[in-house]
Amino acid sequence: MKINIVQSASGKANASALFFVKKSVQFSDVLSENAEKQVESVLNGMEDGPFEDLEYLEIDNQPTIFVDAAKERGLSALDHLRMAAYRLAKKASKRQIPMVSIMLADAAPEQFKSILHGLSYADYKFDAYKSKQKSAFLVTFEIVAGEQASEFKKIAKDVAVEQKAIVLAKNLINTSSSDLTPAEFVENANTIAKYTPGLSIKVRNMKQLEKEGFMGLVTVGKGSSHEPFMITLSYDGTKSARGTKTKDANARSSSDHLVLVGKGLTFDTGGLCLKPPKSMPEMISDMSGAATVLAAIQAIATLELPIKVSAVCCLAENAIGNKSVLPGDIFKAKNGKTVMVDNTDAEGRLVLSDGLAEAGLIGATHIVDIATLTGAMVRALGYAVAGFFSNDDDLGLKVINCGEACCEKFWSMPLEEEYADALKGNFADLKNTGSDAGAIAAALFLQEFVPENTAWAHWDIAGTAFVSKTWKYTEFGATGFGVQTLIELAREMSA
Ligand code: BES
Ligand code: ZN
Ligand code: ZN
């Protein structure tokens with residue numbers, strides 16, 4: 001797909017696209033009076049005729065594709081636009097239309113942004129493992145932007161950066177686990193740090209983790225032949241490239257340090273508490289949190305957002321081996337609390353205890369951890385909504401609002417103290433399973449490791465990270481959920 005943003009139509013397009021909601025056409029500013037009448041009669045006749053979304057009709061002697069921007073149930077107006085644009089791009093490429101013009105002169109910037117994201121999603125395919133790679137037909141979308149052309153061009157640059165990050169996360173998540181081991185993930189992160197100005201990286205291997213007492217990662221990772229790692233990526237957008245404070249940043253004088261912590265289980269067999277075969281293949285996606293934070297910080301640094309952000313990836317493979325952690329084993333976490341491993345399949349919270357400790361060590365004021373943490377969350381909210389927990393109302397509200405702006409749904413869940421006692425261990429301070437409210441129990445466990453006086457939000461993306469049937473703009477596999485909201489959160493916090 002190619003995007004051309006122009007002030008007025010070049011006249012070279014093979015077709016135009018018109019978005020409509022119910023019976024009214026959107027962004028109709030540029031239509032002639034005659035065309036407006038034609039469009040009106042088409043939309044009015046919709047119920048009588050066999051009118052389908054994406055139908056081709058002649059309007060003003062120009063082939064015109066009508067795109068329904070209110071087709072799916074339950075989506076916001078912005079997400080409807082994304083879906084409409086996604087369907088349009090799929091259709092144009094299938095029909096091999098070289099150039100489609102879209103009249104968006106009177107679209108709001110956020111509407112344009114949604115449309116661009118929708119068009120971009122249609123380009124994604126994961127065919128690395130296919131024996132034959134098909135090349136897609138290249139469609140050029142001419143965006144007629146009128147007076148807004150220069151603003152839209154800037155937005156298009158941002159969308160390109162965001163989409164690049166989403167594709168990065170999706171590719172990492174979709175890659176099979178034997179090919180994306182913790183060490184391979186580290187390789188990827190090293191490459192990203194190398195090619196992203198302003199992004200630095202620190203990697204700890206198993207030996208260093210053990211020496212420094214990051215025993216959650218060691219405990220989970222030691223059963224695998226692929227050793228665990230912790231990656232810390234840092235970016236300080238409050239400083240210019242030369243390391244001095246920028247004027248801009250001084251004006252804001254923000255001392256915020258947002259630390260993103262991601263669960264990075266490159267595979268989760270469940271360990272000795274082995275998972276049933278049916279639910280295992282999806283565990284290639286159990287490193288979605290780590291992929292999401294890596295992708296987000298890459299975009300945040302590329303966009304040069306004026307904020308200090310770090311990302312901590314907690315990487316391990318939960319495997320069965322002769323050194324695997326045994327149920328009943330007790331280890332001492334980085335913050336000094338002892339933990340009895342009640343269930344080896346509740347491993348995510350163990351590696352995250354180290355990620356949260358690292359966030360504290362590097363001076364986080366705000367922490368967001370992201371994890372495919374519990375099956376209970378999948379059962380509670382399904383694939384369309386992520387549950388989150390927060391100890392800070394302001395941060396919680398930002399999560400919801402930023403999510404909404406990015407068409408990602410978040411639902412606030414309670415850190416219910418009545419269930420906290422269920423996490424107490426007999427011989428140890430804590431155990432890694434608790435009450436029947438599984439997603440809450442996991443969040444309460446994590447809360448035990450959140451550094452003091454730190455605003456914290458925990459996102460459980462077990463349901464939203466990976467889909468096995470088509471959902472919105474993902475046919476199968478990784479959705480990239482969370483990448484955009486994290487970028488938006490950094491944008492919001494730096495504003
Ligand atoms: N990685 C899983 C959670 C998961 C389930 C992610 C489904 C994506 C889809 C996690 O490590 C896990 O196995 N959690 C257990 C915890 C339980 C043993 C307390 C669960 O939710 O069943
Ligand atoms: Zn597990
Ligand atoms: Zn897991």
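A donor is an N, O or S atom within 2.8 Å of the metal (3.2 Å for Na, K and Ca), and sites may look incomplete since water is not among the atoms. This is a predicted model, in which local features need pLDDT of at least 70, side-chain atom pairs count only at pLDDT 80 or more, and totals for chains, interfaces and linings use all residues. Residues are numbered from 1 along each chain as its sequence is written, ligands are numbered from 1 in the order in which they are written, and side-chain values use heavy atoms, without hydrogens and water.

Start at the metals. The zinc ion (ligand 2) lies 3.2 Å from the zinc ion (ligand 3), and D268 coordinates both. D268 sits in strand β10 (residues 257-268), whereas D345 is 77 residues away, in the loop between β13 (338-340) and α10 (348-361). Helices (H or I, at least four residues) and strands (E, at least two) are DSSP runs, numbered from the N terminus.

Which residues hold the zinc ion (ligand 2)? The donors are D268 (OD), D345 (O), D345 (OD) and E347 (OE), at 2.0 to 2.2 Å. D345, at 23%, is partly exposed, a class between buried and exposed (over 50%).

Strand β13 also belongs to an open sheet of three strands, ordered β12-β13-β17, with mixed pairing. Two strands pair if DSSP finds at least two bridges between them. The edge strands, β12 (330-332) and β17 (430-431), each pair on one side only. β13 and β17 run parallel over two bridges, and M340 has K431 in β17 as its bridge partner.

Terms used:
Buried means under 20% relative accessible area, exposed over 50%, partly exposed in between (1.4 Å probe, protein chains only).
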